[in-house]
Amino acid sequence: MAMAFKMATEGMNVREECRRSFMEMKWKRVHRYIVFKIDEGTKAIMVDKLGPAAECYADLAASLPADDCRYAVFDFDFVTVDNCQKSKMFFITWSPAASRIRAKILYATSKQGLRRLLDGVHYEVQATDPTEMGFDVIQGRAY
């Protein structure tokens, strides 16, 4: 437990690929979502999966492991009641109940390092099971 606390308080480095992928998503709109993971060996946050622009929210939800933590950014496009095309970015912290305590600590304490890099994210969602980050939750926050 002492080792987990030591790593957690040190924080994680964020790899350059995380910033670059987010900028491609934000400005070029080539990704619908990005899933990030912590590599405990290198003590770094890295890109785990890039979702192409043609994929949807269900693809993001399906790509999150049932027994390990992840961070994700999702670009949600929608049309308002005034018939305006809008886009909102969501930062999702995925920490399922089945994940290890060590992983939960690492992800909770390392989130701010990645979050600071993701300029332009509108909303933040923390989820421990799929119902807490369902499409209806995302849709409700965006409107």
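Is D68 buried, partly exposed or exposed? With a relative accessible area of 23%, D68 is partly exposed (buried means under 20% relative accessible area, exposed over 50%, and partly exposed in between, with a 1.4 Å probe and protein chains only). The model is a predicted one, in which local features need pLDDT of at least 70 and side-chain atom pairs count only at pLDDT 80 or more, while totals for chains, interfaces and linings use all residues. Residues are numbered from 1 along each chain as its sequence is written, and side-chain values use heavy atoms, with hydrogens and water left out.

D68 has a salt-bridge partner in R70, with 3.0 Å between the closest N and O atoms (a salt bridge is a side-chain nitrogen of Lys or Arg within 4 Å of a carboxyl oxygen of Asp or Glu). R70, at 10% relative accessibility, counts as buried. In total, the structure holds 12 salt bridges.

Spanning residues 16-28, α2 has 13 residues and reaches 17 Å from its first C-alpha to its last, close to the 18 Å expected at 1.5 Å a residue. Here the expected span is 1.5 Å times one less than the number of residues, and helices (H or I, at least four residues) and strands (E, at least two) are DSSP runs numbered from the N terminus. Within α2, the residues C18, S21, F22 and M25 are buried. They lie on the same side of α2, because they cover an arc of only 100° around the axis, the arc being that of the directions from the helix axis to the C-beta atoms. On the other side of α2, W27 and K28 are exposed. The cover over the buried residues of α2 includes strands β1 (13-14), β2 (31-39), β3 (44-52), β4 (70-79) and β5 (85-94), together with α4 (101-117); contact here means heavy atoms within 4.5 Å.

Salt bridges also occur in and around this helix. R19 pairs with E16, their closest N and O atoms being 2.5 Å apart; being 3 residues apart in α2, the two are separated by about one helical turn. Both are partly exposed, R19 with a relative accessible area of 35% and E16 at 45%. The side chains of R15 and D39 meet at 3.8 Å, N to O. R15 lies in the loop between β1 and α2 and D39 in strand β2, so this pair ties together parts that are 24 residues apart in sequence.

Just after α2, R29 takes a positive phi of about 55°. R29 is also linked with R32, D75 and D77 in a network of salt bridges.
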